Amino acid sequence: MVKRIKLRTLLLGGFITLLFVVLFIRMFTLQIVQGADWHEKGVARWEKQSKIPAERGTISDRNGDVLAINAPAYTVVVSPEALHANGLTDKVVDGLHRILGKNVDELKALVNAKDSKTGEYAKSREVRNEGWKIDESKKKQIDQLNDQLKEELKKNKKGQETGLGTIKESKRYYPKGTLASHILGYTDREGKAVAGFEYMFNKKLEGTPGYLKYQSDTSGDKLPNSNEIYQPAVNGKNYKLTIDNQIQYYIEDAMKEAFNEYKPISMTVIAADPKTMEILGMANLPTFDPNKYWNYNDNKKSFFNYAVKATYEPGSTFKIVTLAGAVQEKLFNPNAFYKSGTIRVQGTHQDLHDIKRSGWGTISYLEGVKRSSNVAFVKLGEMLGKERLLKYIRDFGFGEKTGIDLPGEVSTKINLPGPVEVATASYGHGVSVTPIQQLAAISAVANGGKLLKPQIIKEEVDPNNGTTKTFPPFTVRQVISPEAAKETSYYLEQVVADRKDGTGKNAYIDGYRVAGKTGTAIKTVNGKYDSSKSVVSFIGFAPVNDPKIAVIVIIDQPNDPTVGGGKAAAPVFKKIVSQSLQYMGVPRSIEKKDEKDEKNNAIQAQNRPPAPDLTNKNLKDAEKQLLKAGIAFDTLGKGETVVKQFPVKGTPLSPGQRIYLFTQTDNVMEVPDLTGESLRDALDVLTLMKVSVNVSGEGYVASQKVTNQNGKRTVQLTLKPADVLDESKDGDEDNSDKDDKDRQTGKNEQAGGGNQSSLGRTNGVNNDN
């Protein structure tokens with residue numbers, strides 16, 4: 001018995017001893033061997049980290065008008081549990097379908113969703129994608145629906161939880177819609193940069209998030225005297241681009257008109273300041289709205305930036321390179337003669353032709369330039385020879401990327417293996433270029449021979465420290481001399497100025513000297529040339545004596561195969577450039593008939609008072625200044641500050657000419673009474689108001705009619721000669737209604753005097769008419 005007790009005691013003691021040994025080893029392992037690891041895990045459990053988001057940088061145009069900004073957004077959420085508890089499922093489904101346009105069956109599935117673990121109705125579900133990051137207007141409609149549901153619950157004496165609500169978030173917002181969309185690109189709903197400038201400069205735009213670390217108890221509350229680690233967020237940088245919203249608008253408006261008329265595959269237009277190569281505007285059609293990018297997923301062409309990503313054979317616009325090279329080498333004699341029509345490539349049996357195969361007989365090289373004669377340029381290419389021609393092609397930037405700060409730029413190497421390739425390259429066949437390369441090349445001619453890197457950024461501002469970085473022009477190389485550039489510009493001006501033979505005559509702008517070149521090239525389809533498909537273009541700059549803007553217009557495959565660059569693309573160029581030069585305040589030149597007229601005009605110009613600078617002035621102060629000076633004026637808009645004026649400051653005013661004061665820039669301004677104005681002044685005013693214009697008759701504005709079609713205002717102007725208009729005025733001198741109208745619109749008649757103020761493969765066949 002005693003033995004048994006001792007044995008049990010021994011076993012029990014041994015077991016207890018062993019237990020303590022195991023516990024000691026385990027404690028040693030946990031505290032000593034694995035102590036550091038467990039300490040980190042413990043710290044992780046009681047240490048909390050709060051993320052501090054960084055603000056994405058804004059993007060604006062050269063004048064500070066915002067193009068991309070962060071805006072409040074709201075995500076719609078529903079609670080199936082609360083909806084079923086209060087019997088509101090059907091009303092919420094109907095309301096969300098009406099407000100968001102979401103499919104009814106999808107909404108029913110959402111409000112009937114159940115928790116996969118408990119099998120009960122889910123507590124919360126987001127309404128994706130239609131209800132994800134909606135804007136303020138949609139949110140107000142959701143709030144109104146929610147208020148109606150609460151009223152119903154109140155009447156039925158139920159709870160106040162409707163099961164419908166919104167969560168405040170943030171999203172990228174593009175206030176100008178489609179304007180400059182291919183430049184800007186966009187960020188998706190998750191904040192990921194997808195295309196354009198947003199993608200190219202995403203790292204700098206998004207900044208670096210900050211954080212706050214602190215120790216907390218089991219409830220998540222901060223512990224007293226806990227150590228805090230605070231890392232502030234570094235907000236993204238703000239960018240001011242080189243583009244001008246107004247010029248961008250002119251570009252897109254002119255493009256839409258041509259796109260609707262010719263219905264091409266695509267259109268591309270780029271405008272730049274040739275002296276700096278700052279991009280003033282860039283657009284493609286088809287296009288997209290970055291605020292609604294998901295609506296264009298079935299049409300990838302809408303997102304494609306042809307300006308930098310597409311290569312095409314340029315046709316006759318490429319002749320500028322051959323001409324400039326020949327002028328630089330002193331090989332071009334405008335008064336020398338050659339036989340047009342057909343030419344055989346030296347050392348081969350290959351014949352090349354002008355668009356008019358019979359030619360125009362024996363003509364001068366200058367006439368050959370104006371008529372866009374392929375034969376003339378083949379001869380110039382032969383004079384230059386392969387090595388020199390290839391050198392000028394490469395010096396003008398072809399065969400290498402321009403380095404523009406936009407994603408996806410491409411370039412194709414250019415080689416001229418034999419005499420046929422040299423001959424055809426001289427007039428733009430057998431070479432592949434991009435629109436941005438073409439514009440950089442023509443700008444080199446305009447600015448005195450310097451190839452410049454295209455610039456899209458004007459300023460980079462760091463909001464964290466207030467520093468600003470500017471981007472001055474960058475010269476790649478001097479391609480031709482200033483003298484050769486000036487001479488080349490003169491010849492290109494003749495292409496436009498010659499209203500009889502110039503292929504670019506449809507780009508002629510009254511009062512401005514324009515230089516340019518047309519281009520039309522037949523495309524290949526399945527390896528064969530198809531004369532029904534072509535790429536037509538126009539490229540040029542103005543004014544020739546002091547270039548302010550260079551523009552390229554490309555129309556890929558217009559529906560009318562008979563139109564060339566001169567007929568389809570040149571008018572687009574003309575509209576954009578004429579509006580832009582007026583907007584920029586570039587004065588028109590007046591042709592002088594003789595020395596006496598020139599002297600008289602100069603005296604008259606000196607005696608004409610210049611338009612004062614009224615922009616940004618208080619409206620009342622501006623009106624007082626004009627009244628004191630005896631200058632007639634109209635006030636447009638309901639604002640209190642002058643945001644624009646026409647004519648711009650410094651413009652010599654004709655006797656009785658009005659100044660128009662714009663106090664708003666939106667499209668709700670009332671169209672002023674333009675009766676008696678010249679067509680030019682009427683067009684200038686309506687252009688600034690972004691109003692479409694139709695004109696009938698000749699002379700001065702006799703009457704006007706405003707119509708609204710599909711939300712776009714159009715003004716029909718009826719013109720009559722000055723003498724007819726004067727007779728009409730004589731009969732209306734006692735019209736008190738007109739006097740009242742004049743007083744209401746801010747007209748001042750104290751000035752006196754009359755009111756008669758002033759893309760694919762091509763076969764090298766070019767049709768530039």
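These legends go with a set of close-up views of a predicted model.

**View 1. The whole chain, for orientation.** DSSP runs give 23 helices and 29 strands, where a helix is H or I over at least four residues, a strand is E over at least two, and both are numbered from the N terminus. Of the 769 residues in the chain, 48% are buried; buried means under 20% relative accessible area, exposed means over 50%, and partly exposed is what falls in between (1.4 Å probe, protein chains only). Residues are numbered from 1 along each chain as its sequence is written, and side-chain values use heavy atoms, with hydrogens and water left out. Since we're looking at a prediction, local features need pLDDT of at least 70 and side-chain atom pairs count only at pLDDT 80 or more, while totals for chains, interfaces and linings use all residues.

View 2. Strands 25 and 26 (residues 659-662) run antiparallel and are joined by three bridges. Look for F646, whose bridge partner in strand 26 is Y660.

**View 3. Helix 5 and its two faces.** Helix 5 (residues 104-111) has L107, L110 and V111 as its buried residues. They cover an arc of only 90° around the axis, so they end up on the same side of helix 5; the arc is that of the directions from the helix axis to the C-beta atoms. Those buried residues pack against strand 3 (66-78), helix 3 (80-86), helix 4 (89-100) and strand 4 (125-126), with contact meaning heavy atoms within 4.5 Å. Turned away from the buried side is the face with the exposed residues D105 and A109.

**View 4. Two residues of helix 17.** E483 belongs to helix 17 (residues 482-497) and counts as exposed at 56% relative accessibility. V327 is 156 residues away from E483 in sequence, with the two C-alpha atoms 9.4 Å apart. S489 is also found in helix 17, but S489 is buried, at 4% relative accessible area. Setting aside residues up to four places away in sequence, S489 touches V445, A446, A515, F541 and V544.

**View 5. N245 in helix 10.** N245 lies in helix 10 (residues 245-262) and is buried, with a relative accessible area of 7%. Beyond its neighbours within four places in sequence, N245 is in contact with D61, D65, L67, K176 and L179.

**View 6. G163 in a loop.** The loop between helix 6 (136-155) and strand 5 (164-173) holds G163, which is buried at 4% relative accessible area. Not counting residues up to four places away in sequence, G163 touches V77, V78, S79, A82 and L83. G163 and S124 are 39 residues apart in sequence, and 8.4 Å apart from C-alpha to C-alpha.

Key:
Pairing = 2+ DSSP bridges.
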